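Me: I am new to this structure and would like to learn how to read it. Could we go through it together, one feature at a time?

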Amino acid sequence: MRLLARVMPACRFVIILALLTSAAFAVAAPAPASNAPNAAPATPSPALALESRTSRQFDQIDSALMQIETAFQNRDLPPKDLQAFRDKIAPFTPKLQTTLDRLNTILAAVKARLDQLGPAPAAKAPPESAQITKERQQQQSEFEAIDALVKRAKLLIVRVTQINARIAKHQHATFTHSLFRRGPSIVEPGRWFDVLAETPHNFEMAQAAAGQWFKQVNSRLPGWRTPLFWILVLAAFGLYWPVSMYARRGRDHTGVSADQFRKIVEAWKVVFIVAAGALLPFVVIAGLSAAFGVFDAFFRRPFFVLLLSVLGVAIAEGLGRGVLAPSSPDWRLLTLRDGRYSHTRAAMVLIAAIVMAGHVLHALCDAIGAGWMFQGAVNGLVAFCAAIAIAAALWRGGEDCNSEAVLGPRVTATRDWYGPLRILLWIVTVAILVAVPAGFLGLASFLVAQVLWVGFVGLVAMMAHTLVEEAIAVGVKPTTPFGRALNASSGLSSGSIEQFAILLSGASTVAIFVAALLLILAPWGIQSTDLPTYFHDAFFGFHVGDISVSISSIIIAVAIFVIGIATTRTVGSWIESRFLPHTRLDLGLRNAVRTSFGYLGFILALGFSLAYLGLNFEKLAIVAGALSVGIGFGLQSIVNNFVSGLILLWERAIRVGDWIVVGSEEGLVRRINVRSTEIQTFDCAVVAVPNSNLVAGIVKNFVRTDRSGRIMIAIPVNAAADPEKARNILLEIAKSHKLVSSRPEPTVVFAGITPSAYNFELYCFVADISTLGTVKSDLNFEIYHRFKAEGLFAAPPPSSVVTLAGLERFEPLLDRVVGGASLDETPERAWKKS
């Protein structure tokens with residue numbers, strides 16, 4: 001107690017000192033940052049920064065769309081401006097979609113935080129903390145801001161899609177108008193008088209333009225530079241001749257086998273050499289012009305016109321020599337029925353020269369400002385001359401007259417596209433010859449250009465496809481170095497490498513076909529960006545008032561459907577004949593894959609054709625709903641069989657190649673169709689069984705789980721023989737046959753005993769049920785020979801023989817019946833009397 005009394009004053013002093021010190025620090029502490037006059041500004045929220053940046057981006061896109069919409073309202077736009085607008089808005093959709101995806105992610109995160117915070121408390125509920133209320137308000141403001149950006153992005157995407165569709169519609173309308181715009185006919189005499197009157201003036205203008213061009217070029221080359229430049233230009237053009245002579249020298253491959261891979265490599269080599277020979281002088285001239293300082297815009301325009309024209313003729317020459325090889329029959333890629341390889345190559349070069357000369361004349365008329373009548377006459381004359389050249393080539397390229405002389409039995413030839421191609425070219429040629437005098441010069445010029453362009457693209461695509469196919473066939477094999485390296489690096493088996501090669505070949509074929517198709521359709525105003533739009537419209541539709549259907553749209557839609565079905569069948573045949581045989585799938589599953597691919601291709605072809613007509617599945621659903629009652633009663637059996645066919649394909653209770661019994665019919669399943677299943681019986685007849693019968697009825701399948709089968713042979717053995725000996729002989733015969741399975745082993749059953757014979761039954765199994773009849777026949781023959789040699793066959797049963805002694809008791813009855821008994825005395829009464 002004394003110690004406590006002494007310590008207490010000291011403790012009080014320490015406590016008072018601590019309180020005073022803390023109060024002094026509290027007075028000296030600085031004010032909060034929010035109250036300080038020079039406090040740093042608060043960092044803005046990331047959502048606010050995103051909103052500001054995205055809003056600026058949306059404003060720029062909105063401004064560009066407004067300019068395009070204003071341009072549409074003010075005037076009719078030329079094709080160049082339409083294409084420029086389309087190129088301008090092309091990156092808008094992917095950019096907006098990327099931004100929309102990012103905004104949706106952020107919006108979902110903000111909504112999740114709001115859900116965690118929950119709604120604001122009710123008025124009578126206990127109040128929540130101010131920090132929670134502030135956080136909810138901040139998250140709600142961010143949610144509303146981002147949601148507004150999401151809605152604006154969706155609106156901009158819709159606007160871009162609508163403007164893109166509007167531009168495409170205007171492009172197609174402009175293209176159609178330019179083709180079918182009719183002008184004065186070139187066969188009118190008055191028009192030629194005007195053209196002839198304008199020709200001297202245009203000729204003088206051309207001379208003046210050429211002189212002005214040479215004068216302007218020479219003015220930039222003072223002194224000795226002028227003759228040096230033109231001497232070097234002439235020397236550059238002289239480079240074409242040695243290259244051309246090298247290409248015309250022909251192939252010299254003595255002792256080299258002309259397989260398909262070497263043929264296509266040599267063809268590409270010829271094409272590149274001829275094209276390089278035409279391109280090399282222009283490359284040298286371009287380098288000289290740049291070195292001398294004259295390669296400006298004034299020089300480049302005629303330079304590129306001449307370059308493209310000469311290059312087009314050179315490519316035609318190279319394709320003709322590379323593909324047809326007139327002087328080297330063993331190295332030809334294409335075989336013509338008429339054998340006119342030199343004439344066909346010359347026709348290709350002549351048509352290309354006429355068309356390219358037309359392009360040069362058109363550029364020259366634009367440069368000198370020739371009148372529209374003179375330009376129309378030039379275009380019509382060029383188209384008419386090209387049509388005459390095509391007709392002459394087709395007329396001289398008829399089928400050989402000796403083709404019908406067949407000295408042996410005819411065989412089925414492979415598919416030949418030469419005849420249909422000639423018919424199509426004749427149709428186009430007649431259309432050109434009719435369009436030129438009728439005044440449709442735009443259509444005639446377009447058709448001539450398309451003949452040349454489609455020919456170029458088709459031949460190049462064919463050569464590219466052949467090169468890729470042969471390169472894959474030669475290089476991607478299990479035995480090649482690449483195949484061995486692939487096997488060692490990836491562990492793929494030989495079969496897997498073959499499958500990979502086939503898939504790679506198929507993918508390259510599809511890529512080449514799509515690229516060629518887009519190149520062919522490009523002059524028609526159809527671009528690669530239009531195809532996804534068509535596919536999207538097929539399933540989701542578009543609403544632009546009432547749907548307008550015309551004969552041309554129906555014809556084109558039918559053509560699209562036919563092309564889609566043909567493509568599906570071609571790809572399906574390729575899958576069935578080339579890819580599936582290299583897999584481990586059985587015949588039934590291969591048939592299921594092939595049939596399912598056919599159904600998918602049919603749906604896609606139908607979708608594309610309906611998209612072109614402007615129909616979508618929503619409208620079809622309305623029509624189908626209105627007609628559902630009639631369809632339900634009228635097509636009930638067909639729908640039942642179709643659904644049953646799908647069940648058979650995927651349940652696989654019955655597969656292609658199975659041995660089944662349906663009712664009284666027995667045979668092998670050959671094909672499962674949409675409505676019925678084809679069964680080939682063993683007497684070479686084909687039975688079509690409805691699919692619903694196979695699903696709902698009783699079907700016996702001998703090979704459902706495996707292909708093994710059981711043989712049962714019943715043999716009667718002589719009752720005097722040793723049963724053990726007969727049993728051993730039967731087992732020995734069964735086990736000695738090479739097709740009889742050892743597991744389960746053959747079995748002999750002692751089935752019964754009669755006074756005259758012992759009845760045995762031999763049971764054995766075969767691995768393949770298709771050999772059942774052959775094995776059973778072999779066993780029967782062997783059993784006959786062995787049992788005959790061993791005397792094991794049972795004796796025939798004794799026949800029922802009545803002796804004469806047994807007939808003595810019936811003599812009185814026979815005398816009465818045969819010897820004149822009364823008619824009313826029956827045999828029974830005579831029997832009783834006797």
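Me: What should the 33 residues of helix H9 span, and how far apart are its end C-alpha atoms?

Reply: First, a word on the source: this is a predicted model, where local features need pLDDT of at least 70, side-chain atom pairs count only at pLDDT 80 or more, and totals for chains, interfaces and linings use all residues. Residues are numbered from 1 along each chain as its sequence is written, and side-chain values use heavy atoms, without hydrogens or water. Helices (H or I, at least four residues) and strands (E, at least two) are DSSP runs numbered from the N terminus. The expected span of a helix is 1.5 Å times one less than its number of residues. For H9, residues 260–292, that gives 48 Å, and the end C-alpha atoms are 48 Å apart, which agrees.

Me: Where does H9 bend?

Reply: A bend at a residue is the angle between axes fitted to the seven residues ending there and the seven starting there. H9 bends by about 30 degrees at Leu279, and Pro281 follows within four residues. Just after the helix, Gly293 has a positive phi of about 80 degrees.

Me: Which strands does S2 pair with?

Reply: Two strands pair if DSSP finds at least two bridges between them. Strand S2 (residues 665–672) runs antiparallel to S1 (residues 659–662), with four bridges, and is also antiparallel to S3 (residues 676–681), with five bridges. Look at Gly667 in S2: Ile660 stands opposite it, and Thr681 is its bridge partner in S3. The S1–S2 hairpin has two residues between its strands, and Gly663 in that turn has a positive phi of about 65 degrees. The hairpin from S2 to S3 passes through three residues.

Me: Which element gives the most to the lining of the second largest pocket?

Reply: On a 1 Å grid over the protein atoms alone, a pocket is an open set of points where a 1.4 Å probe fits, with protein on both sides within 12 Å along at least five of seven lines; lining residues have an atom within 4 Å of a point. Here 37 residues line the second largest pocket, with Ser178 and His362 among those nearest its centre. Helix H14 gives the most, with seven residues.
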